[in-house]
Amino acid sequence: MADLDDIKDGKDFGIGCPQQNEVFYLKGCGALDWGMQSRLARIFSPQTGRTVMLAFDHGYFQGPTTGLERIDLSIAPLYQETDVLMCTRGILRSVVPPSTNKPVVLRASGGNSILTELSRESVAVTMEDALRLNACAVAAQIYIGSEYEHQSINNIIKLVDEGSRYGIPTLAVTGVGKDMVRDARYFSLASRIAAEMGAQCVKTYFVDEGFEKVAASCPVPIVIAGGKKLPELDALDMCFRAIDQGAAGVDMGRNIFQSEAPLAMLQAVKKVVHENMSAREAYQFWLEAKH
């Protein structure tokens, strides 16, 4: 029972000072539930509104690709430096220590491989398991214009509906088939459809021409995929231009873990994303930090 002795009346009620209600800082996310906003605030820094995700979920369809043969050797040294971990539940449970204490975007689609049609995916994780793993978001591909477009859109819809029940955001990843044109028109279409279906954030590719239109026409935060391995200066330049043109962050894998100096590269990317450092300055940082 509470101690009832010496109870004092409150004094400072702030009469005449309206209660402050802070507007949530992420684009298009102001009407989301408290729990979902809280999870997004772990992914996107409240100070900058941006994020650097470390993607190492490639094995779900590529197997032990270069740089991911041993997660405990190649990726574990990067855990503390990244903002967010993006991986599968198998890797999370088997290799990532719970004490890492980093927000997780959980790969929730699968059922395919590089030997088959990539767009033929299913939802591969229940929302209950995402909750058990304390995920901050779930992620799935959306393949617009592919043979299994309808199935991939339905996967996003299913995750959005189930995520809304539990306050878990969905990151829709714009997958690109072998024969699809990678231009601003396509990524604007794919990103907008993903957002219209209810995805709370979208991962897409940067394009040299018209990316600002891709970012502007998507009503929720966009992060760019790192894509194939580029020379470090080129990768940093892509990061800088994407942020400058409206991206809210990057989700990089191969350009980090296949770098000559992965930890230094991750630190350089963070300089660009969170500190607005130029690509040339960040590259110089990388050159000095890699030794």
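User: What makes a residue part of the lining of the second largest pocket, and which residues lie nearest its centre?

Analyst: The second largest pocket is lined by 15 residues, of which Tyr205, Phe206, Gly226, Leu230 and Met238 lie nearest its centre. A pocket here is an open set of points on a 1 Å grid over the protein atoms alone, where a 1.4 Å probe fits, with protein on both sides within 12 Å along at least five of seven lines, and a lining residue has an atom within 4 Å of a point. The model is predicted, with local features needing pLDDT of at least 70 and side-chain atom pairs pLDDT 80 or more, while totals for chains, interfaces and linings use all residues. Residues are numbered from 1 along each chain as its sequence is written, and side-chain values use heavy atoms, without hydrogens and water.

User: How do you know that the end-to-end distance of helix H9 agrees with its length?

Analyst: The expected span is 1.5 Å times one less than the number of residues; for the 13 residues of H9 (232-244), a DSSP run of H or I with at least four residues, that gives 18 Å, and the end C-alpha atoms are 18 Å apart, which agrees.

User: Why is asparagine 155 called buried?

Analyst: Buried means under 20% relative accessible area, with a 1.4 Å probe and protein chains only; asparagine 155 has 10% relative accessibility and therefore counts as buried. Leaving aside neighbours within four places in sequence, asparagine 155 is in contact (heavy atoms within 4.5 Å) with Glu121, Ser122 and Val123. Asparagine 155 is placed in helix H6, residues 149-166.

Notes:
Helix = DSSP H or I, 4+ residues; strand = E, 2+ residues; numbered from the N terminus. Buried < 20%, exposed > 50% of the residue type's maximum accessible area, 1.4 Å probe, protein only.
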